[in-house]
Every structure is written in structure tokens, then in C-alpha cells.
Amino acid sequence: QEPPGPLIKTEIPGPKSKQLLKEMMDIQQCGSVQLFANLEKSAGNYFADADGNLFLDVYTQISSIPLGYNHPALLNAFRSDSEVRALVNRPALGVFPSDDWPKKLRDVLLSVAPPGLQHVMTMMCGACSNENAFKAAFILYCTRKRGGKTTFTDEEMKTALLNIPPGAPDLSIMSFKGLNSSGAFHGRTFGSLATTKSKAIHKLDFPSFEWPVARFPEYKYPLEEFRRENEQQDKECLADVEEQFDRWEKKRPIAGVIIEPIQAEGGDNHASPEFFQELQKICKRRGAALIIDEVQTGCGPTGKMWCHEHFNLPSPPDLVTFSKKMLTGGFYFKPEYLSPQPLRIFNTWMGDPSKLVMLEQVIKVMKTERLLQLVEETGKVLKSGLHALETEFPFMINSVRGRGTFLAFDAATPELQDKIVKTLKQNGVLGGACGICTIRLRPALIFRPKHAELFLEILRNTLRQL
Ligand SMILES: Cc1ncc(COP(=O)(O)O)c(CNc2csc(C(=O)O)c2)c1O
């Protein structure tokens, strides 16, 4: 049962969180921990911390809990004997999946596949999903280079083990970053990290690949007042994509392009449907895979199951990666991206059947409670409220933007961004920051208009306080 509203009893973080943090710092570097949760008292849209404080949560564990805390459908997900067994007998899915696994993949994951895609691989997390989507892109690129042959020369076999061409070919994946903004986030494992362009601290001290980066559009808001400038952004960025393909053709050919439908770490940077439609045409013409990273935007927060559905692409993306609210990692893909041989896209677990038991419930609740419609309805209340606040506090916040409840606004300075997030927390709201000065909203799919009104009231009081 959700509480009627936030309740802050202590300074934030409170004494128990501070004590627990001290204990944990003796075990690992956990300076990123903000609060310790009391999972028994957390309910719906409310996060309870170890000190008895209750927060309205509009950040939801970095945008990864679809139905809020302790949803009954999830608490009851492991009632039957078969569900418990899926929990306790974790299989190596690439070798000994249980006999209900093909049906689970069809009934759960393929039932919500992006339009036009009928293949899916489960994986462990967002980075793992992107790593293996890259591998699928490289396999197809090289198979095509061999004229469709699926055998390897002795030289390829030998040099692959030495990490040198031709066995380990000098190819690349292109990612995106605006000229003056923080850029893509695709994960922190080595391949995905090579395409991550949001913060230096994610990458310092780690060897990486020198791969191409194209410009991501940087729009002015409100969109309707800057149509011409923003169309010019699209034009320049698409020209940059073409130029990168030309420039890297000799040096390190681009086998794939990865892009978020909204750059969700880089500062909620948006691009138009026209930009994505043109990008897809360029990828087709250049023989590069288009990989849409829906790890943070996927599973409904923009009002559609998949954010790229807003772009009306003439054909499906080649691969779509997911994690977070989908509770399992993985990627959907076109049939040509099926590896010709087994054991090339592989790891011990290849995902986790118990997560599909939970996802099945999430999808059921999304349907029965019409949560995509609720996201649209709540998003309208939230967005118009944010527009009212940017009018009331024009020197503090600006550039309200987003789809569904996947909304954001900019603070006038990075310092003010930090103060707003900190003061919101002290006032009982867990929010999130991203990019250089953006405040991002990532509520659960069960966030209702009443929660939006409450959030807006607390945000208004916070801005008046600063
Ligand atoms: C668009 C997108 N693609 C891939 C990832 C990586 O997912 P994980 O590896 O963290 O599951 C993420 C993860 N998001 C994320 C937010 S903060 C963060 C971090 O590691 O600091 C990671 C993502 O937003």
C-alpha cells in the first residue's frame, strides 16, 4: 500500500545510511551509494530508506524498475513449483535450457518485440547486450566480405588468437556525441565503453579502441520556436555521419552504428524522426548495422514499448538492445544477424529464466492496467507542469523536453543542477541528473497524474527555496 506522500525524518543521508556506508566502504569502493533501502517499507512509487525516510521516486534505480516497489504481481510471481524451480536451477541457457524455454522466449520476449523483429538473444545487462550486438554486426560484416563463405582460412584462425588482422579484423562501431554536450552511454565493458562518450571518469586508465564518433544533434527548445535551427542540426549531423564513413573506410571500416533514441546519460539529447530515418538510409547504403540502444528508453517510459517506434522507420532497425525495465538484458535482431556458427555469441548463463518469469508479469500488468496509456496521460500532466515552472523560474530552469514520462529539463548551471537534485532529495523526492546540467525524470510506469502533481508541487517549493 503506497504512503500518502513523502516523509523525511532525518538529514539525508540519515545516520543508519551513513553507518552502513562506512561498513561497506571497508569491503569495496561504494562512494556512489546515496542511500540504503528498506525494501520492506518501499511501496509503489515510494522508496523507503534505512532511516525511515520515504521518498517519491522519480529515478527508480537508474530507470530500471518498471512497476515500482513490491508490486503484488511480482511478489506473487514465484508461487508455483515450476517458477521456484526456474529460480533455483539456473541453467546454462546456451547448453541445457529447460523444456519450456522456447515457449517462454516466444510468449514473453517476442510478444513485445519491436515491430518487424522476430529473433532475440537474452543477455546479462545493458553492456553485455551491446557487446554481443556488436559481435553480431561484425560477424555479418565479415561473412559478407567473404562472399557468404562461413569457413575460415588458417591465417584467420592463427591471427585471431594473436588479436591481429585478418582473424581479428580492424573494424569499428560508430557512436555519437554532440559538439558541446555530453554524449552516448552504451556500457562500461571494453567494447561498449569504446562507444560511451558521456564522462571521462568512466574511461580513464582503460585502454580502448579508436572508433569513429559522429555528431549528435543539439536542439534548441521549445522545438516549435527553433524548427529551422534544429533542422540545420539534423542536416549537419547527417553530413558528419557520411563524412565519418568516408574517412574511416580505409583506416577502420565501420561495421555498425549504435545510437540511443534519446541520449539518456548524455543529457536527454533528442533527435527527430527524420534524423533517424535518414540515418537508417545511410547505414543501409554503407552496409553497416543500425543498432538502436533501448536499454534506458525501452519497455514503455516514452509512451510506446520501444522509443524508436515514435520515428516511423520505413523498416525495422537491424538490432535493438534492451535491459533495465525489461529486467533481463538482451537484443532483438533481423534474421541475417543470426551467427552462422554456434558458440560465438555466448556466455555461461546467457540471461536468467527467473527474470522472464518476472517480465511475464510486468507485461501482463502493462496490458491489464493499460500502463502505456497511463504513461502518455501522466506525461502530459508532468510536461505541462514543467513548462509552467520554466515560465515561472526562467532564470533557473529551461528546455523542458521529452516523450511520455521520459522527461527532462536543464538547470541554468551545473552547480544549480546539483543543488536542485540535492534539495529535492531533502524535500522527499529522488530525482536524477545527467549530461552537463540536465535533470531527468525516470518514474516507474505506474506513476499517475496525482504523483506528477505532487512532484511538481515539491519541485516548485524547491525552486522557490533556492
Ligand atoms: C542507454 C544505455 N545503454 C547501456 C547501458 C549499460 O547498461 P548496464 O551495463 O549498466 O546494465 C546503460 C546504463 N545506464 C546507466 C546509467 S548510469 C550508468 C553508469 O554505469 O554510471 C549506467 C544505458 O543507459
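Predicted model: local features only at pLDDT ≥ 70, side-chain atom pairs only at ≥ 80, totals over all residues.
Modeller: Local features need pLDDT of at least 70, side-chain atom pairs count only at pLDDT 80 or more, and totals for chains, interfaces and linings use all residues. Residues are numbered from 1 along each chain as its sequence is written, and side-chain values use heavy atoms, with hydrogens and water left out.

Biologist: Which residue has a backbone N or O atom 2.9 Å from an oxygen atom of the ligand?

Modeller: A polar contact is a pair of N or O atoms within 3.5 Å. The backbone of Phe185 places an N or O atom 3.3 Å from a ligand nitrogen atom. The 2.9 Å distance to a ligand oxygen atom belongs to a backbone N or O atom of Gly126.

Biologist: Which helix gives the most to the lining of the largest cavity?

Modeller: The lining includes Ala137, Leu140, Tyr141 and Arg144. By class, the lining has 7 nonpolar, 1 polar and 1 charged residues. The helix that gives the most, with 4 residues, is H6 (residues 126-145).

Biologist: How far apart are the end C-alpha atoms of helix H13?

Modeller: Helix H13 covers residues 414-426, 13 residues in number.

Biologist: Which residue just after H13 takes a positive phi?

Modeller: The phi angle in question is about 95°. The residue that takes it, just after H13, is Gly428.

How values were computed: Helix = DSSP H or I, 4+ residues; strand = E, 2+ residues; numbered from the N terminus. Expected span 1.5 Å × (residues − 1). 1 Å grid on protein atoms, 1.4 Å probe; cavity = no way out; pocket = protein on both sides within 12 Å on 5 of 7 lines; lining within 4 Å. Nonpolar A, V, L, I, M, F, W, Y, C, P; charged D, E, K, R; others polar. Polar contact = N/O pair within 3.5 Å; in protein donor to acceptor, adjacent residues only side chain to side chain.
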